Amino acid sequence: MLDFFRLRRQRHQKKMMKYMRYVFNDHFVLVCLFLVGGLAFYYSNLLKALPVDFIWGLPIVGVIWWAILPFGRLATLVEPADMTFLLPKEKEMGSYLSQGLRHSIGIPFFIELLVCGALLPLVVLTNQVGFSTFFIYLAMLWSLKFANLCIQRLACYQNTKTSTLQLMFGWFLLSGGVIFISLYLGAIFGTILGLASAVIFYVLTKEKGRLLDWSKMIERENARLHRIYQFINLFTDVPEIESKVRRRKYLDGLLARITFKQENTYLYLFARGALRGAEFGSLFFRLLIVGGVLLVSLNDFRFIVGVALLFIYLIGFQMIPLYGQFDYIGATQLYPVAAKYKRAALQKLMGILLFAAAFIFTLCSFVQVSIEQSLLLFVVLLVEIGLFSWLYLPKRIKKMED
């Protein structure tokens, strides 16, 4: 079973690496570098402005560490057919799940590494400890996460729902206590408690001859993979995920403004796809909300302009694939609509959506900056929208058509 898990892991990693080439493209990497650099600069200035006796530093760090611990699910890599074909090997599935547990600790460890490293300067500032405690805190967080994955492994077996809920509740309270003990009473003391918790939960969650709940285990794995594919689907088409269409009746008034004539055929289709499709509509609203929240929280006009420009570009860039959304529908192939109307429709819709986003971002900037600065931001965003819609977008469309 160990070789079987390695084979599945290898196949899964190969598939993920294929998708990662589309996720970490040049545009996304550039945006991440810009965003991380800006946040790091803002965070550095914030730390310099905090007083030495800032009492809220440790509670903030503790809550954030506590909040990230549940992140990361047990990767079993099981498939629906396993319920039939692996049933004779059920007694050997314990070692298979143990391999899954070891595999699943990687990504949470990476997340904890980044978050712990980012928040350590705040701990050093408020708790007067050395940077060498970073590895001690990291070991504590990793131990607590290992205990959480042990409980998730127990949930794969039959008749464990009640005990799993009790253990998960106890783990959650214990984790919070261990984190705050490590922050207030000493990192080493908290790490010892974390390691002890990992050992205790490992012993409490051993399979002990239980039978697997195949249906629940497969359902959990499918849900885990679905969340991953949903993220990847923001960057490229994923065959494993099916897009859902939502009614959104409250937006019908916007579609009613489009007059029914031949040159508006694609404008109507693109508008319905943008407003009703989960792939594009949800993406637009999510980016709009995230961008608005960031603008409300920033007080430096330079950062506000940079973030607003960044999110206008992100919204526009992620909406470009809408151009080919209806190419495989027979009606669009049979109905005589010139290609120029299709290109003009996407440009017009893109201009409307980006103008609405720019208007909302400008309203959000009123919270932190003056009216004059907000109006200047609006003008800058309009210039970006014009350049994007009438210079960059036609080139991308031509490249897609070629």
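Which residues are linked with Arg8 in a network of salt bridges?

**Figure 1. Overall fold of the predicted protein chain.** The chain contains 17 helices and zero strands, and its C-alpha atoms fill a box of roughly 70 × 60 × 35 Å along the principal axes. Among contacts with a separation of 6 or more, 82% join residues 24 or more positions apart.

**Figure 2. Network of salt bridges around Arg8.** Arg8, Arg11, Glu79 and Asp82 are the linked residues. Between Arg8 and Asp82, the closest N and O atoms are 2.5 Å apart. Because Arg8 lies in helix H1 and Asp82 in helix H4, this pair ties together parts that are 74 residues apart in sequence. Arg8 is buried, with a relative accessible area of 9%, and Asp82 is buried as well, at 4%.

**Figure 3. Salt bridge between Glu79 and Arg8.** The closest N and O atoms of this pair are 3.8 Å apart. Glu79 is located in the loop between helix H3 (57-68) and helix H4 (82-85), whereas Arg8 belongs to helix H1 (residues 2-23), 71 residues away. Glu79 is partly exposed, with a relative accessible area of 31%.

**Figure 4. Salt bridge between Asp300 and Arg302.** Here the closest N and O atoms are 3.0 Å apart. Arg302 is exposed, with 62% relative accessibility. In the whole structure, a search finds eight salt bridges. The protein chain carries 42 positive and 24 negative side chains, and the centres of these two sets lie 2 Å apart.

Terms used
Residues are numbered from 1 along each chain as its sequence is written. This is a predicted model: local features need pLDDT of at least 70, side-chain atom pairs count only at pLDDT 80 or more; totals for chains, interfaces and linings use all residues. Side-chain values use heavy atoms; hydrogens and water are left out. Helices (H or I, at least four residues) and strands (E, at least two) are DSSP runs, numbered from the N terminus. Contact means heavy atoms within 4.5 Å. Lys and Arg count as positive and Asp and Glu as negative; His and the chain ends are not counted. The place of a charge is taken as NZ of Lys, CZ of Arg, CG of Asp or CD of Glu. A salt bridge is a side-chain nitrogen of Lys or Arg within 4 Å of a carboxyl oxygen of Asp or Glu. Buried means under 20% relative accessible area, exposed over 50%, partly exposed in between (1.4 Å probe, protein chains only).
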